[in-house]
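Have a look at the picture, then read on.

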Amino acid sequence: MTNCDRLKVVILGNSRVGKSAVTVRYLTKRYIGEYSSFKDYLYQHSVSFDNVTTEVEILDTSACKTTACLHEHISWANAFVLVYSICEKASFQQARVLLETISAMKGLRYAPVILLGNKRDLEHVRQVGVDDGHEMSLQFQCQFYEVSAAENYVGVSLAFQSLIREARAMQALKTLPVRRKVGAAMTVSKMIGMVFGKSGKSLQNGKKRPSLSI
Ligand SMILES: Nc1nc2c(ncn2[C@@H]2O[C@H](COP(=O)(O)OP(=O)(O)OP(=O)(O)O)[C@@H](O)[C@H]2O)c(=O)[nH]1
């Protein structure tokens, strides 16, 4: 099996933002209210779409107590889901710290990342605006979605699928000869834009990334 067919996704974010709820929702379509907080869980599953099957490992982390632990998680993964709660500003700030750490360790150019604002059903106690999430995603060139693990399977599923799609595209890019990469990068960006629609805002480098409230 090639790298293209295998993906290691780590779920990171502050404590209690819904990392386990989002992960289990994606894997089982079900929402379970309470999970054990003190352990990391590793799930494996096969996902097939666009005529390609990918073996996906998903590491649902409990909040890391040490920097070494966080670095270990980041080193292990080749794709990232950063979860914050739209009703907890501190979790959004933590997402920024995580994005900075991933950027420093891996570089974001070839690291597929989604920023996931969870608990969208709690609109009445919202502390983080949609625009804030969108802006941060533009700054770090990652995808951005707002979801509710509690209320909606489809949104969570779409977000994971788009991460997997992007990871596949990035893996494919890495295997191309260097001279062809520039043109190919434009093609991938265009392809993602076509699949998810355009956000209407440009990045500093001109790339557009998908962004949805789902
Ligand atoms: N209203 C609402 N509550 C949610 C949602 N997702 C998770 N929760 C609740 O938030 C709490 C924390 O959810 P978890 O999935 O355990 O969060 P976690 O980030 O895995 O927590 P730790 O493992 O402690 O870091 C639980 O009480 C969930 O029921 C959501 O979309 N909406």
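## A pair of strands

Strand β2 (residues 41–49) and strand β3 (residues 52–60) run antiparallel, joined by 9 bridges. Strands here are DSSP runs of E, at least two residues long, numbered from the N terminus, and two of them pair if DSSP finds at least two bridges between them. Within this pairing, Gln44 stands opposite Glu57 in β3. The hairpin has 2 residues between the strands, and Asp50 takes a positive phi near 55 degrees there.

## About the model

This is a predicted model, so to speak of local features takes a pLDDT of at least 70 and side-chain atom pairs count only at pLDDT 80 or more, while totals for chains, interfaces and linings use all residues. Residues are numbered from 1 along each chain as its sequence is written, and side-chain values use heavy atoms, with hydrogens and water left out.

## Around the ligand

Of the 20 residues around the ligand, Lys19, Tyr31, Gly33, Glu34 and Ser37 come nearest (near means a heavy atom within 4 Å). By class, that shell has 7 nonpolar, 8 polar (Gly among them) and 5 charged (Asp, Glu, Lys or Arg) residues.

Which atoms lie 3.0 Å from a ligand oxygen? One is an N or O atom in the side chain of Lys119, and another is a backbone N or O atom of Ala149. A polar backbone atom of Ala21 is 2.9 Å from a ligand oxygen. Polar contacts here are pairs of N or O atoms within 3.5 Å. Taken alone the ligand exposes 650 Å², and the protein buries 90% of that (Shrake-Rupley method, 1.4 Å probe).

Definitions and conventions
Polar contact = N/O pair within 3.5 Å; in protein donor to acceptor, adjacent residues only side chain to side chain. Helix = DSSP H or I, 4+ residues; strand = E, 2+ residues; numbered from the N terminus.
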